[in-house]
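Please look through the sequence and the model below before reading on.

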Amino acid sequence: MQDMRHVAIVRRVYRAGSNPRMGLLAPEYATDDDGNSNMTLVYIELPFMEDVRDFDFAPVYTDKI
């Protein structure tokens, strides 16, 4: 997957009757102490439109001296 620069968009259902969640599977490679290369897939949950919110914060820096 990493050589082809691909990731997988997946649907995950935690148990029967629950709402499915969208996620991304990306490969992660690691080398152990013996020099063997291991690949694992990392799951990152993707937000839906209703999960994204805009927050207004006061500015961190001001021009007042």
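What follows is a walk through a predicted model, beginning with the sheet and ending with the aromatic rings.

The strands come together in an open sheet of 3 strands, in the order β1-β2-β3, with antiparallel pairing. Strands β1 and β3 stand at the edges, and each has a single partner strand, so one side of each is left without a neighbour in the sheet. From one strand to the next, the twist averages 40°. Strands of a sheet pair through backbone hydrogen bonds, and the pairing can be parallel or antiparallel.

Strand β1 covers residues 8–12. Its pairing with β2 is antiparallel and runs over 5 bridges. Within this pairing, R12 stands opposite R21 in β2.

Strand β2 covers residues 21–31 and is joined to β3 by 9 bridges, the two strands running antiparallel. Strand β3 itself spans residues 37–45. G23 stands opposite E45 in β3. A30 has N38 in β3 as its bridge partner, and T31 has S37 in β3 as its bridge partner. Between the two strands lies a turn: β2 and β3 form a hairpin with 5 residues between them, and G35 in this turn has a positive phi of about 90°.

How exposed are the residues named so far? G23, which lies in strand β2, has 0% relative accessibility and therefore counts as buried, the limit for that class being under 20%. In strand β1, the residue I9 has 52% relative accessibility and therefore counts as exposed, since the limit for that class is over 50%. A8, also placed in strand β1, is partly exposed because its relative accessibility is 23%. In a regular strand the side chains alternate between the two faces of the sheet.

Which residues make up the nonpolar patch on the surface? I9, M22 and F48 form it, and together they have about 250 Å² of accessible area.

The next feature is a contact between charged side chains. The structure holds 1 salt bridge. It is formed by E45 and R21, whose closest N and O atoms are 3.0 Å apart. The pair links distant parts of the chain, with E45 in strand β3 and R21 in strand β2, 24 residues apart. E45 has 35% relative accessibility and so counts as partly exposed. R21 counts as partly exposed because its relative accessibility is 24%.

V7 and L46 are 39 residues apart in sequence, and their C-alpha atoms are 13 Å apart in space.

The ring centres of F55 and F57 are 6.3 Å apart and their planes stand at 40°, so the pair is tilted. Planes under 30 degrees apart would count as stacked, and planes over 60 as edge-to-face. Are F55 and F57 buried or exposed? Both are exposed. How far apart in space are F57 and A8? From C-alpha to C-alpha the distance is 35 Å, and the two residues are 49 residues apart in sequence.

Definitions and conventions:
Residues are numbered from 1 along each chain as its sequence is written. This is a predicted model: local features need pLDDT of at least 70, side-chain atom pairs count only at pLDDT 80 or more; totals for chains, interfaces and linings use all residues. Side-chain values use heavy atoms; hydrogens and water are left out. Patches are made of residues with over 30% relative accessible area and no salt bridge: like charges are joined within 9 Å, nonpolar side chains (Val, Leu, Ile, Met, Phe, Trp, Tyr) within 5 Å. Accessible areas come from the Shrake-Rupley method with a 1.4 Å probe; for residues, only the protein chains shown count as cover. A salt bridge is a side-chain nitrogen of Lys or Arg within 4 Å of a carboxyl oxygen of Asp or Glu. Helices (H or I, at least four residues) and strands (E, at least two) are DSSP runs, numbered from the N terminus. Buried means under 20% relative accessible area, exposed over 50%, partly exposed in between (1.4 Å probe, protein chains only). Two strands pair if DSSP finds at least two bridges between them. Axes are lines fitted to C-alpha atoms, for helices over the stretch in contact, and angles run from 0 to 180 degrees between N-to-C directions. Rings of Phe, Tyr and Trp (its six-membered ring) pair if their centres lie within 6.5 Å; planes under 30 degrees apart count as stacked, over 60 as edge-to-face and the rest as tilted.
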